[in-house]
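Reader: I am new to this structure and would like to go through it step by step. Could you show it to me before I ask anything?

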Amino acid sequence: MPTPAFMTLQGERQGLISAGAFTEASVGNVYQLGREDQIMIQALSHGIFVPKGAGAWRMVAIRAEADFGDWPIPVRIFDQKIIELMKNPPVQASRSPRIFRLVDSVTAEPLAQQHYIATVDGQAAQRKTDGEGIAHLFAPAEVRQISMEVIGV
């Protein structure tokens, strides 16, 4: 089984293309401290356009699927700032799990793997139900309003 690797995308004109990736806002409580603005990859495939002549290009495709476990550990992992954050993580608001089963209003069948928008006290986030139609939300205990809108049904 491949080991996940992390990649940062920086464009010359666009700036940090991977900005906001792998944060708590983008992946929920599975994010990893120190991996903000990085994309998790399991396989890599890309191509390079090589000039052949005036206005003509040839694409050279490169595909790599590797067990990234043999790759050297990046020096950034030992960055003192990250180690300090791991030893003394910032205080985070406590959140309580809320579980909802989303079902079809006509057939009462669970809406498995269905995208929805959850709005918790005015803050909206797009999510997806699990294989049994369960929507897992983590919200502060003092939350006052939760609404859900199923997408594409």
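Reader: Which residues does Leu 102 touch, not counting residues up to four places away in sequence?

Author: This is a predicted model. Leaving out residues up to four places away in sequence, the contacts of Leu 102 include Leu 111, Tyr 116 and Ala 135.

Reader: How many residues apart in sequence are Ala 135 and Leu 102, and how far apart in space?

Author: Ala 135 lies in strand β10, and Leu 102 is among the residues Ala 135 touches. In sequence, Ala 135 and Leu 102 are 33 residues apart. From C-alpha to C-alpha the distance between Ala 135 and Leu 102 is 6.9 Å.

Reader: Is Ala 135 buried or exposed?

Author: Buried means under 20% relative accessible area. Ala 135 has a relative accessible area of 0%, so Ala 135 is buried.

Reader: Which residues make up the largest nonpolar core?

Author: In soluble globular proteins, nonpolar side chains tend to be buried together. Here the largest nonpolar core has nine residues in all. The elements giving two or more residues to this core are β8 and β10. The members are Leu 102, Leu 111, Tyr 116, Ala 118, Val 120, Ala 135, Leu 137, Ala 139 and Val 143.

Reader: Which residues of β8 are on its covered face, and which on its uncovered one?

Author: In a regular strand the side chains alternate between the two faces of the sheet. On the covered face of β8 are Tyr 116, Ala 118 and Val 120. The uncovered face has His 115, Ile 117 and Thr 119.

Reader: In what order do the three strands of the open sheet run?

Author: β8 is joined to β9 by six bridges and to β11 by five bridges. The edge strands are β9 and β11, as each pairs on one side only. The pairing is antiparallel, and the order is β9-β8-β11.

Reader: Which residue in β11 is the bridge partner of Ile 117?

Author: Ile 117 belongs to the uncovered face of β8. In β9, Ile 117 stands opposite Gln 126. In β11, the bridge partner of Ile 117 is Glu 149.

Reader: Which residue takes a positive phi in the hairpin of β8 and β9?

Author: The strands β8 and β9 run antiparallel. Their hairpin has two residues between the strands. The residue with a positive phi, near 45 degrees, is Asp 121.

Reader: With which residue does Arg 101 form a salt bridge?

Author: The structure holds one salt bridge. It links distant parts of the chain, with Arg 101 in strand β7 and its partner in the loop between β9 and β10, 31 residues apart. The closest N and O atoms are 3.8 Å apart, and the partner of Arg 101 is Glu 132.

Reader: Is Glu 132 buried or exposed?

Author: The cut-off for exposed is over 50% relative accessible area. Arg 101, at 47%, is partly exposed. Glu 132 has a relative accessible area of 52%, so Glu 132 is exposed.

Reader: What is the distance, centre to centre, between Phe 6 and Phe 22?

Author: A search of the whole structure finds one aromatic pair. Phe 6 and Phe 22 form this pair, which is edge-to-face with 70 degrees between the planes. Phe 6 is in strand β1, and Phe 22 is in the loop between β3 and α1. Centre to centre, the distance between Phe 6 and Phe 22 is 5.3 Å.

Technical notes. Residues are numbered from 1 along each chain as its sequence is written. This is a predicted model: local features need pLDDT of at least 70, side-chain atom pairs count only at pLDDT 80 or more; totals for chains, interfaces and linings use all residues. Side-chain values use heavy atoms; hydrogens and water are left out. Rings of Phe, Tyr and Trp (its six-membered ring) pair if their centres lie within 6.5 Å; planes under 30 degrees apart count as stacked, over 60 as edge-to-face and the rest as tilted. Helices (H or I, at least four residues) and strands (E, at least two) are DSSP runs, numbered from the N terminus. A nonpolar core is a set of buried Ala, Val, Leu, Ile, Met, Phe, Trp, Tyr and Cys residues joined through side-chain atoms within 4.5 Å. Buried means under 20% relative accessible area, exposed over 50%, partly exposed in between (1.4 Å probe, protein chains only). Contact means heavy atoms within 4.5 Å. A salt bridge is a side-chain nitrogen of Lys or Arg within 4 Å of a carboxyl oxygen of Asp or Glu. Two strands pair if DSSP finds at least two bridges between them.
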